[in-house]
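Student: I have the sequence and the model open side by side. Could we walk through some of the local details together?

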Amino acid sequence: MGIVAGLDSSAEFTRIVVCDTDTGAVLRQGYAPHPGEPKAVDVDPQTWLLSLGEAATGGLLEGVEAIGVSAQQHGLVPLDAQGGLVRPALVRNDKRAQVAAADLVESLGGRQAWAEAVGSVPGAGQPVAKLRWLARTEPENARRIAMVLQPHDWLVWQLLGRPARRTTDRGAASGTGYWSARTGTYRPDLVDLALGHQAVLPEVLGPAEAAGTTPEGLLISAGTGETMAAALGLGLGPGDAVVSLGASGSVMAVHHEALADPDGMITSFADAAGMHLPVVSTSNAVRALRGTAEMLGLESLDELSALALKSTPGASGLVLLPYLEGERTPNLPHSAGTLSGLRRESMRPEHLARAAFEGMLCALTDAMDVLRGRGVEVRRVFLLGAAAALPAVQALAPALFGAQVVVPQPADYAALGAARQAAWALGVARGTLSPATPPAWQGAVAQILEPGEDLPAGQAVRQQYVATRDQIHPGAFGS
């Protein structure tokens, strides 16, 4: 038996879990918010260290033999030739870089060129777009940049005492916009395209490799981005998909190969275990529920859920296409939402409530079908986000997704994934674990939901939705 720790430095806080190396059982936990403005897009990385130190107080890390680091994605830490900070780190999905991202897409020859090059089309949150923004708006700072790191890279470097060697992992690297999950290599020409000159990039470690050992003998594993750490913490494998219900939504699945999507709908991430995580995102998920609740004068999504369950499958013919903020999947950035099927008998609050849930879940099924259409197998769907606990979501999701639905209990899955990675690297270093297989920890405690006899009704609802979508937006998915 040994003890390892996983820390997750998210956009607003640090969480630490201390786990048993053999079972993954959580022994101790720590938490601390990051100092400063919670929603800031320019951040001093030292605040991440301050938060980490506060979260680790009270002897939390006593006896720990290895640490794994997970951190927020969409972050860029620009360093000069001496390793000093050129300017505050740029974090979050910073809308200032939207024009820069669009410029990059055009400069390389379009969305397909980017999808083929690195498996994703630049967005405002990616480091490559942030580099372009710096080159255009802060040229003096841009010229000083000699090396670029992401938040997890920087934290690992700090924990190791700022050695000459700087590292990252394939999961985090796949979100930069200048590393390809398909080839496993950097595209330094894309850094040059964005920044105007070359910069040193961190070495990409394999899943079970260690970044190094502290002077005190504490092993630090490769670390990874939050998305990849959460997948490792949940214990995802081939056949598993994750549907994330936030204001926007996403569908992510474990797959054996990287997927280059000429339409740019698939973002091809690598995972933290040697596989791949293709992701398809939607612009609208829970925001469609909140908008419907406000329209109906309801105070909460719980009320909307209860009202929806008074209706029947198909919402008496009402179909909501929830493209309220435009849509990414399908690519309809300037579209609006549509409510179709209005008849006298359908114009009741419970039918509108039901149509909102069905529309949100059908739109996410559209995203899932993009992956399925590329050969990604989906046998289980992990449902994440606060809205996953709503009874209407749980009642409708299995039949609409056409798969078993798993609703994990709330936990710090990114921190757990980081701890599992630490246990893996420690075991490989000691010769007790294979570098090909992470430790077999206990799976997430979860509620299991089956489609059962509701599957035919779910298929009928899905057909109704697809027919309406194709009538209003013909060819949206190329059909």
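Student: Happy to start with serine 250: which strand is the place of serine 250?
Tutor: Keep in mind that this is a predicted model. Serine 250 is in contact with Val242, Val243, Ser244, Val279, Val280, Ser281 and Leu364, leaving aside neighbours within four places in sequence. Its own place is in strand 17, residues 249–253.

Student: Is serine 250 buried or exposed?
Tutor: The cut-off for buried is under 20% relative accessible area. Serine 250 has 19% relative accessibility, so serine 250 counts as buried.

Student: Which record feature is placed at residues 241–426?
Tutor: For that span, the end C-alpha atoms lie 28 Å apart, with 36% helix and 22% strand. The name comes from an unreviewed UniProt entry, which places there the feature "domain: Carbohydrate kinase FGGY C-terminal".

Student: Let's turn to arginine 328. Which residues is arginine 328 in contact with, leaving aside its neighbours within four places in sequence?
Tutor: Arginine 328 lies in the loop between strand 20 (319–321) and strand 21 (338–340). At 46% relative accessibility, arginine 328 counts as partly exposed. Its contacts beyond those neighbours are Met265, Ser281 and Ser283.

Student: What is the omega of the peptide bond from threonine 329 to proline 330?
Tutor: Proline 330 is found in the loop between strand 20 and strand 21. The bond from threonine 329 to proline 330 is cis, with omega near 5°.

Student: Where is the positive phi just after helix 13?
Tutor: Helix 13 (residues 391–401) is mostly covered, with 9 of its 11 residues buried. Among them are Ala392, Val393, Leu396 and Phe401. Just after the helix, a positive phi of about 65° is taken by glycine 402.

Student: What is the phi of arginine 92, which is not a glycine?
Tutor: The place of arginine 92 is in the loop between strand 7 (89–90) and helix 2. Arginine 92 is buried, with a relative accessible area of 19%. Its phi is positive, at about 70°.

Student: And what is the relative accessibility of alanine 315?
Tutor: Alanine 315 sits in the loop between helix 11 (301–308) and strand 20. Its phi is near 50°, a positive value in a residue other than glycine. Alanine 315 counts as buried because its relative accessibility is 0%.

Student: How do the axes of helix 2 and helix 4 cross, roughly parallel or roughly perpendicular?
Tutor: The axes of helix 2 (residues 98–108) and helix 4 (residues 127–137) come within 8 Å and cross at roughly 105°.

Student: How many charged residues are in the contact of helix 2 with helix 4?
Tutor: Ala100, Ala101, Asp103, Leu104 and Ser107 in helix 2 meet Val128, Ala129, Arg132, Trp133 and Arg136 in helix 4. By class, the contact has 6 nonpolar residues and 1 polar residue, while the charged ones number 3.

Student: How many disulfides does the structure hold?
Tutor: Cysteine 19 counts as buried at 0% relative accessibility. Cysteine 362 is buried too, with a relative accessible area of 0%. A disulfide needs a pair of cysteine sulfur atoms within 2.5 Å. The number of disulfides in the structure is 0.

Note on methods: Residues are numbered from 1 along each chain as its sequence is written. This is a predicted model: local features need pLDDT of at least 70, side-chain atom pairs count only at pLDDT 80 or more; totals for chains, interfaces and linings use all residues. Side-chain values use heavy atoms; hydrogens and water are left out. Buried means under 20% relative accessible area, exposed over 50%, partly exposed in between (1.4 Å probe, protein chains only). Axes are lines fitted to C-alpha atoms, for helices over the stretch in contact, and angles run from 0 to 180 degrees between N-to-C directions. Helices (H or I, at least four residues) and strands (E, at least two) are DSSP runs, numbered from the N terminus. Contact means heavy atoms within 4.5 Å. Ala, Val, Leu, Ile, Met, Phe, Trp, Tyr, Cys and Pro count as nonpolar, Asp, Glu, Lys and Arg as charged, and the others, Gly among them, as polar. UniProt positions are given in the numbering used here, feature names are shortened, and annotations may be inferred rather than shown by experiment.
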